[in-house]
Amino acid sequence: MGRNRKKRCLAFLMALTMMTGLFMGDAAGLLVKAEDTPASVQIGSTTLETGWYVKAVDSPSIPGPAARYRGVDKVGEEPESGGYIYFDKDTATMTVYNDMEIATSGPNPVTVTDGNLTISGAGNLTVTGTYSPAFNLSGTGAAVVTKDFTGNFKVTSNSNVINGGSRFQIDTTGDITLETASTSSEPIVLSSGVVDLSGKKVTITAPCGMIDSGVSTLNLTQTEGDLALSSASDYYPIFHAENVTLKNTGGKVELENTSTGVLTDSILRLKLQEIFL
């Protein structure tokens, strides 16, 4: 009787293991599929479609929404000069040429919905928001990543620079600048997930004292000069992420709180030659 019971238990455990493996395989497949899903991308009030060339808005009136809402204007063929973007909807890839600036007053300058936006190209991209987050990542699976991007990346706002989503990864040989003028909003606010910024120089301005909120992992990598992060908060640490890695291959890292608040309560990893706290 005991032997039969052991056989039945063993058979049950083997079946359970096989079912678990199938479920985990399906879940892994779904995860990969979600991460590879191209996003719907909107600049201002303009939803981008495949094969579009778009440039910064031309202020003189054209039929439709005002320039401050449109964000960009579609052009019929590739421009010969000036900043512009080519958009491939099948992969949700924006290729940036020359000096491209996106600025809106009202709607989010860039809205990424339910998937990945990939930024590519050798041009410099500047995104400016007035009253709303500059990058609005709608849905927990929304993400912004780069592929073969070598330009400067600058995002400014009077609100959050980035809001929502699960991933924001910018890797470039140029400079990365995230700035907010708000004294009550963190520059980086995610639903959950990872922020990974790697550039020649990484600058984050946070008047409220805290760089991030809702982030599980924050990685900052700088390749030239000193990486300096400071706060003047009485209450908040510079970092709120559970895990923070600061890497500088070209200089030192300086962390400072000029007020009475704590420097950080995160798990902090430093990869560099010199450290100043």
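**Notebook: contacts, strands and rings**

**Entry 1: a charged pair**
I began with Glu49, which is partly exposed at a relative accessible area of 31%. For this term I noted the cut-offs: buried is under 20% relative accessible area, exposed is over 50%, and partly exposed lies in between, with a 1.4 Å probe and protein chains only. I recorded that the model is predicted, that local features need pLDDT of at least 70 and side-chain atom pairs pLDDT 80 or more, and that totals for chains, interfaces and linings use all residues. Residues are numbered from 1 along each chain as its sequence is written, and side-chain values use heavy atoms, with hydrogens and water left out.

I then looked up the partner of Glu49. Glu49 forms a salt bridge with Lys89, with 2.9 Å between the closest N and O atoms; a salt bridge is a side-chain nitrogen of Lys or Arg within 4 Å of a carboxyl oxygen of Asp or Glu. Glu49 sits in the loop between strands E2 (46-47) and E3 (52-56), and Lys89 in the loop between strands E5 (84-88) and E6 (93-97), so the bridge ties together parts 40 residues apart in sequence. Strands (E, at least two residues) and helices (H or I, at least four) are DSSP runs numbered from the N terminus. Lys89 is also partly exposed, at 38%.

**Entry 2: the other salt bridges**
How many salt bridges are there by this rule? I found 3. One of them joins Asp73 and Arg70, at 2.6 Å from N to O, and both residues are buried. Another joins Lys252 and Glu254 at 3.3 Å; Glu254 is partly exposed, with 29% relative accessibility. As background, I noted that side chains of opposite charge can pair when their charged atoms come close.

**Entry 3: the chain as a whole**
I counted 2 helices and 26 strands in the protein chain. Of its 277 residues, 43% are buried. A contact means heavy atoms within 4.5 Å. Among contacts between residues at least 6 apart in sequence, 68% join residues at least 24 apart. The chain exposes about 13900 Å², of which carbon and sulfur atoms supply 52%; such areas come from the Shrake-Rupley method with a 1.4 Å probe, and for residues only the protein chains shown count as cover.

**Entry 4: an open sheet**
In what order do the 7 strands of the open sheet lie? I read E2-E1-E8-E11-E14-E17-E20, with mixed pairing. E2 and E20 (212-213) stand at the edges with a single partner strand each, so one side of each has no neighbour in the sheet. Two strands pair if DSSP finds at least two bridges between them. E8 (residues 110-113) and E11 pair in the parallel sense over 4 bridges. Within this pair, Val112 has Leu137 of E11 as its bridge partner.

**Entry 5: two threonines**
Thr130 lies in the loop between strands E10 (124-129) and E11 (135-138). Thr130 is partly exposed at 22% relative accessibility. Beyond its neighbours within four places in sequence, Thr130 is in contact with Thr104, Ser105 and Asn158. Its side chain reaches the backbone oxygen of Thr104 at 3.0 Å.

Thr93 is in strand E6. Is Thr93 buried or exposed? At 17% relative accessibility, Thr93 is buried. The side chains of Thr93 and Thr91 make a polar contact at 2.9 Å. A polar contact is a pair of N or O atoms within 3.5 Å; within protein, one must be able to donate a hydrogen and the other to accept it, and residues adjacent in sequence count only if both atoms are side-chain atoms. Beyond four places in sequence, the contacts of Thr93 include Tyr86, Thr118 and Ser120.

**Entry 6: positive phi**
Most residues other than glycine have a negative phi. Asp148 has a phi of about 55 degrees. Asp148 belongs to strand E12 (residues 143-149) and is exposed, at 64%.

**Entry 7: aromatic rings**
The structure holds 6 aromatic pairs. Rings of Phe, Tyr and Trp (its six-membered ring) pair if their centres lie within 6.5 Å; planes under 30 degrees apart are stacked, over 60 edge-to-face, and the rest tilted. Tyr53 and Tyr86 have ring centres 4.9 Å apart and planes at 50 degrees, so this pair is tilted. Tyr53 lies in E3 and Tyr86 in E5, so the pair ties together parts 33 residues apart in sequence. Tyr53 is buried at 18%, whereas Tyr86 is partly exposed at 27%. Tyr53, Tyr84, Tyr86 and Tyr97 form one aromatic cluster.
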